[in-house]
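Please examine the sequence and the three-dimensional structure shown below. The paragraphs that follow lead through them step by step.

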Amino acid sequence: MEALPEAAVFQGLGSTVVAVNQRFVDIFGLAGIDTAPGAPLAPIVESVLAQYADPPHWTVGAAVASGATGTFRVHRSAEIPLADGRTILSLIMCIRDSLGSLWTARDITEHKRAERDLERDNRALTELARRRNQFMASASHELRTPLSSIISFCELLTDPSAGNLGADQRMFLDAIHRNAERIRGVISDLLAATTTRSAQLELEYGEVRVGRMLEHAVRDHMPAAAEAGVFLTLDCAPGPPLRGDEHRLQQVVGNLLENAVKFTPRGGDVAVSAAPREEHWEIEVADTGIGVPEGFEEEIFQGFVRAPNALDDRYPGTGLGLAVSRDTVQLHGGTIGVASAAAGEGGCV
Ligand SMILES: Nc1ncnc2c1ncn2[C@@H]1O[C@H](COP(=O)(O)OP(=O)(O)O)[C@@H](O)[C@H]1O
Ligand SMILES: [Mg+2]
């Protein structure tokens, strides 16, 4: 009994003690009670039950006291709060019907406290994340509203009906317009990153027809590609619909297309291709642009990371697109990565 790591009482037939170990005496402070072999069990049980925070209507204790040992065929365990603030894990097991039963107890106060602390920290963190997101959402809104007005007025000013502009004025206005659009892009990236990365992103699952989804994404990027002098193609094999959130997936392809167009010099190609492979779809956006330097294939998915060859002023961005894309793909149970990092060929799968 003394070798047991837990406080223990071994009860024999007829409600008498076979053995009580020192741990049991210590844990319940039973120094004044007879715990010698053959002593009656009832005073021990009574003394223990009296220490419960919630005085027991607890059948196992009562049953132990009444000596109904033979009725326990199952292990019973309970976490019992004591009046002094400790928590005890009590376990009663029957040692064959006729032999008696073993009652063990362990002080799990520290363990419970750690558990409670952890729960409290978790709640605090969740609350913090919620407040941060709320802040981001309202800050974005506050920034976006005046920005939309700036952009609208820029557009109005460039309209010939608003009066003629000199060449310089038109150039300045273009710069204002371009930069305002750039800020708008950064804000929407930041907003997407906070909502996706907060694990609160709820996917709206549906059947996604991959070909149609890609067509939409490609069509959305046609004007930008044309302006950048980049040739866009789409090649999608037939296959079953995919289970996922069409809007979010289209955003992912949109992010990859935006990058491909952005990082590909005039005269280059961007090819989107897709085909079903066993249980999943493989979608690729390949380009003939500047490529991802060796060693950055993983880092660029981490958020706010941009490869050294992308730091040039020609390539505006926040480095958040791929991080958001990876989160979305992973929520769908998929993977995303750089397929070929060869110079002059950046491809993302
Ligand atoms: N098609 C691509 N060709 C070359 N580099 C790319 C391409 N797509 C992404 N990258 C690299 O990954 C980085 C992160 O991409 P992303 O998260 O979309 O941010 P951003 O577009 O704002 O720079 C880019 O800054 C660039 O270094
Ligand atoms: Mg991007």
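What is the mean pLDDT of the chain? The mean pLDDT, the predictor's confidence in each residue from 0 to 100, is 85, and 88% of the residues reach 70 or more. This is a predicted model, in which local features need pLDDT of at least 70 and side-chain atom pairs count only at pLDDT 80 or more, while totals for chains, interfaces and linings use all residues. Residues are numbered from 1 along each chain as its sequence is written, and chains are lettered from A and ligands numbered from 1 in the order in which they are written.

Where pLDDT is low, the predicted coordinates should not be read in detail.

The chain contains 9 helices and 12 strands, which are DSSP runs numbered from the N terminus (helices: H or I, at least four residues; strands: E, at least two). Of its 349 residues, 25% count as buried. A residue is buried if 20 or more other C-beta atoms lie within 10 Å of its own, exposed if 12 or fewer, and partly exposed in between, with C-beta atoms placed from the backbone.

Ser-47 lies in helix H2 (residues 42-49). Because 14 other C-beta atoms lie within 10 Å, Ser-47 is partly exposed. Leaving aside residues up to four places away in sequence, Ser-47 touches Phe-28, Leu-30 and Ile-33.

Helix H7 (residues 210-228) packs against helix H8 (residues 246-262) at an angle of about 25°, with the axes 9 Å apart. H7 is therefore roughly parallel to H8, a description that applies to angles under 35 degrees, whereas those over 145 count as roughly antiparallel, 65 to 115 as roughly perpendicular and the rest as oblique. Residues that meet include Met-213 and Leu-214 in H7 and Leu-249 and Val-253 in H8.

Helix H9 (residues 321-331) is largely enclosed by the rest of the structure, because 9 of its 11 residues are buried. Among them are Leu-322, Arg-326 and Asp-327. Just after H9, Gly-333 takes a positive phi of about 80°.

Notes:
Two residues are in contact if their C-beta atoms, placed from the backbone, lie within 7 Å. Axes are lines fitted to C-alpha atoms, for helices over the stretch in contact, and angles run from 0 to 180 degrees between N-to-C directions.
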